[in-house]
Amino acid sequence: MNNIPSAENLGIPVEADAEAVERKLVSFWKSAGEDGKPAVIRACSCNLIAFVRDRGRLQELFPVLAKVSEWHPSRSLAVFVAPDEELSPPDMHAWIGAQCSIPFSGGPQVCSETIALAARNRARLSLPDAVLSLLIPDLPVYLYWRSFWISDQDLVERLARFSHLLIVDSHRTREDPANRLRLLRLLIERPAGIAMRDLNWSRITPWRDLIAQFFDSASLNRYVHEITEVDITRNLSAPGSIPTRTLLLTGWLASSLGWQRVSAERSGDRWSSVWKSRGREIRVRFTGTESRAGQPPGIGSVTLRAGGEAVFSVFVEGGSRCLTATASAGESRLVHSVPEEPLDEASLLIRELSQTGEDAAFKAALAEAYELEKAFSCPQS
Amino acid sequence: MVTNPLRHGWRISRSPEPGCMVIFGGSGDLTRRKLIPALYRLYQKRMIPAGFTIIGLARSPMSDGQYRDMLRSWIEQDAETPADSEIWDTFAQGIFYMPADYRDPAMYGALKSLLAEKDQTRRTGGNRIYYLATAPADYPVIIRDLGSNGMGMERTGGTGWIRTIIEKPFGRDLESSRELNRVVRSVFEEEQVYRIDHYLGKETVQNILVFRFANGIFEPIWNRRYVDHVQITAAENIGIGTRGGYYEQAGALRDMVQNHVLQLLALVAMEPPPDFSPDAVRSEKAKVLRSIRPFTPEDVRRLSVRAQYSGGFIGGKEAPGYLEETGISPESRTETYAALRLSIDNWRWANVPFFVRTGKNLSKRVTEIALVFQRTPHFIFRQAPTAQVESNVLAFRIQPDEGITLKIIAKLPGQAAEMRPVNMDFRYGSTFGPHLADAYERLLLDCMTGDPTLFNRIDSVESAWSLMQPILDTWAEDRSSPIPRYPSGSWGPAEAEGLPGRENRSWRLL
């Protein structure tokens, strides 16, 4: 059985009433188990609400949900607000479908259910209540605000009240620095009790991991407090604004190592900032380079110089599928290559849903990143 | 202990310091099948750092390059480990080889010099793991010579840690286990010793503790008032293969019961520890093993069954009998099947029998722990046949198809009071996605980060041997009675049915 809904053809809507939807789901699963059909296990370990801007975005979302459900079988609710002319009465509609996978060869299919929910007019205001009625009780609720859009903020905040985790993707605000600033502020000022995630933070996890690993070694550990220069190169897909990942990486270094910002300035596609720690000055430079063909956008390299003699680098070479870390200090030079992790939306979500608690490092890095972004936007402040 | 501020608030805080793993038995089967693939996967996952170094020791003369090529070919043959030449090349920079005769004292001096050199060039900081993956007979020799060369002692005030991982068997009986431990303790402190039992690294085994102590509803019924009996099954559907030489000296009791099965029993029967610290968990396990009633020779005859597999069919394929296997004496009395009825003399488990069984060439591969609950004290559905009312069973499936099942009784839809047992199933594969981490990855990382929770402490090992010793002795002394046989592909000898059968209980059909 595989019934992945598509945006163009959501099928016949059902009444957006919890009882009607559940009834439909029961008959749906019953038919899946009828004679002659392959065995199916209906699985659910969480509720995943994905809030998208409009029906058009469902086309991108459904394959993502299908992949996520292989690792986190869930009841997925794809929620969007429809323009008035798009829906026929009534003002709220639901569609149901399923995503199936075979986790072990020879095993039965494991299926998760998807409910698409759309509202128009004033019914949009009752979307959070409708979503609440469709959640599977006692399982964690994860909210993915896929297309950050300020006009949806009130709805998302209401959905977040009964969610355990809110996931956003600051990468999606790249075209609009003002929008990103709003998003960063929203994350910093979020209500207590809701853990927050940014997929961009997940994208830099391998970089942070390899940088941190340099200083796990007893003989290299002292250099972590002797860093004087940080150079970050970044392939810019949209020149003009400083990429969020770069901000977050700098924010993480600064917050973890207790650096105090002294200044921040920008010149074309070069940004630099000066920090102080324990009477030492640290210069952080970002250089934006245009993405070449075949080169994925993202951080290209991070180089840390420390103690006048030690150089630590993490970089991805053009054409390589690996992230390489090198540490040179004194006579030794150590190299470590790891596979570049998939950075597609589904893989990032899968990773974030595997570790759902509060992330103190992210929180601290985000606060620094926000202040740095503000300083670059208004250098005089 | 190095403090790294970049690890503050980290969600994955398990990256160890760089160190050097010396593998004695560097070209052996365990190294090929388990250690190198696990280390490579950890490296790929960024869980071991740059600078991490492997020194393989074995008898054959080989260069570093030849050894690396051999390891690479192993990785390429391992279906579960994706090989990538770019990554392999940097991983291989940390692999070295030293031809070694473990009985040559001069070898240890050379190894010491090599380790000192790697501390400089690869920044391993004096951190060492000695992995004993050799024949058990070599353990005392290696450990003594490490000690006499001053390679076992952590430097006071220094930065390096030294640990040793010892593969089972930890001795072949109580006396040899004590002797081995005397040698180990003459060189290492107990905190430096990691006795590995890969069963304890399995996700589902660890989940027993989470299930018991993170859920409030089960602990109140986890005792003699509600549990009728417990069954532990570790069944294999393969024979001894090429391990005839080893198995002939071991047998099912030494190979499986003394370690894996009793460790599973300890996890399911232990009292709640005050916290999840290594010593708290291991102390509770040791306590419960000490509480198992020792066997008298009479108990051995009444409460144990041993048997050997004869020829038969497994999965439609003909399988030879044990005595026809390569390297097995035609007069062998080594057991390939063992079943025991154990009693735990404490308040929680008084009068609750624990039936355990293990064997080779059985009908299928399955490892399971099942708590069979007492029936209802009074049955109110008089019109329903009481035979329909089975006990509730809580079963932990350790392998394959890892998960937990609770059998409950439900009413069949319709006018009659028909009842059926139904299973409430939790399956790791369908709930948490397809990947379960390999037990060796978990245990190697635990050792590197200095967490011995999932390793056996010496008191548990000795308690387990103390318990097995009367059985081994009685079986060894009995040279006259024939060893029961069971056809390959069956569920064991008919004699085993009597263990629970005498008490109106029966083995579960798995």
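**View 1. Six strands of chain B line up in an open sheet with parallel pairing.** In this predicted model, the strand order is S3-S2-S1-S4-S5-S6 (chain B). Helices (H or I, at least four residues) and strands (E, at least two) are DSSP runs, numbered from the N terminus, and two strands pair if DSSP finds at least two bridges between them. At the edges sit strand S3 (95-99) and strand S6 (193-196) of chain B, and each pairs on one side only. Ignoring direction, neighbouring strands here are turned by 20° against each other on average. For angles, axes are lines fitted to C-alpha atoms, for helices over the stretch in contact, and the values run from 0 to 180 degrees between N-to-C directions.

**View 2. Strands S2 and S3 of chain B run parallel, joined by five bridges.** S2 covers residues 53-58 of chain B. Pick out B:Gly56: its bridge partner in S3(B) is B:Tyr97. Helix H4 (residues 105-121) of chain B packs on this sheet and touches strand S1 (20-24), S2, S3 and strand S4 (128-132) of chain B. Contact here means heavy atoms within 4.5 Å. The direction of H4 makes about 165° with that of S2(B).

**View 3. A second open sheet in chain B has nine strands and mixed pairing.** Follow the strands in the order S16-S15-S14-S13-S7-S12-S11-S8-S17 (chain B). Its edge strands are S16 (419-427) and S17 (485-487) of chain B, each pairing on one side only. From one strand to the next, the twist averages 20°. Helix H13 (residues 458-477) of chain B packs on the sheet, where it touches strand S8 (304-310) and strand S11 (337-342) of chain B. Compare directions and you get about 125° between H13 and S11(B).

**View 4. Strand S15 (residues 403-411) of chain B meets S16(B) in an antiparallel pair.** Nine bridges join the two. Look for B:Thr405, which stands opposite B:Asp425 in S16(B). Strands of a sheet pair through backbone hydrogen bonds, either parallel or antiparallel.

View 5. Another cis peptide bond runs from B:Gln399 to B:Pro400, with omega near -15°.

**View 6. Chain A and chain B bury about 4000 Å² between them.** Buried area is the accessible area (1.4 Å probe) that two parts lose on being put together, summed over both. Carbon and sulfur atoms give 57% of it. The contact takes 50 residues from chain A and 40 residues from chain B. A:Trp71, A:Asp216 and A:Leu334 supply 15% of the area that chain A buries against chain B, more than any other three residues.

**View 7. Four salt bridges are counted between chain A and chain B.** A salt bridge is a side-chain nitrogen of Lys or Arg within 4 Å of a carboxyl oxygen of Asp or Glu. One to zoom in on links the side chains of B:Arg46 and A:Asp209 (2.9 Å, N to O). Among the elements that give two or more residues to the side of chain A that touches chain B are helix H2 (58-71) and helix H7 (205-214) of chain A. H7(A) gives the most, with eight residues.

**Reading notes.** Residues are numbered from 1 along each chain as its sequence is written, and chains are lettered from A and ligands numbered from 1 in the order in which they are written. In this predicted model, local features need pLDDT of at least 70, side-chain atom pairs count only at pLDDT 80 or more, and totals for chains, interfaces and linings use all residues, while side-chain values use heavy atoms, with hydrogens and water left out.
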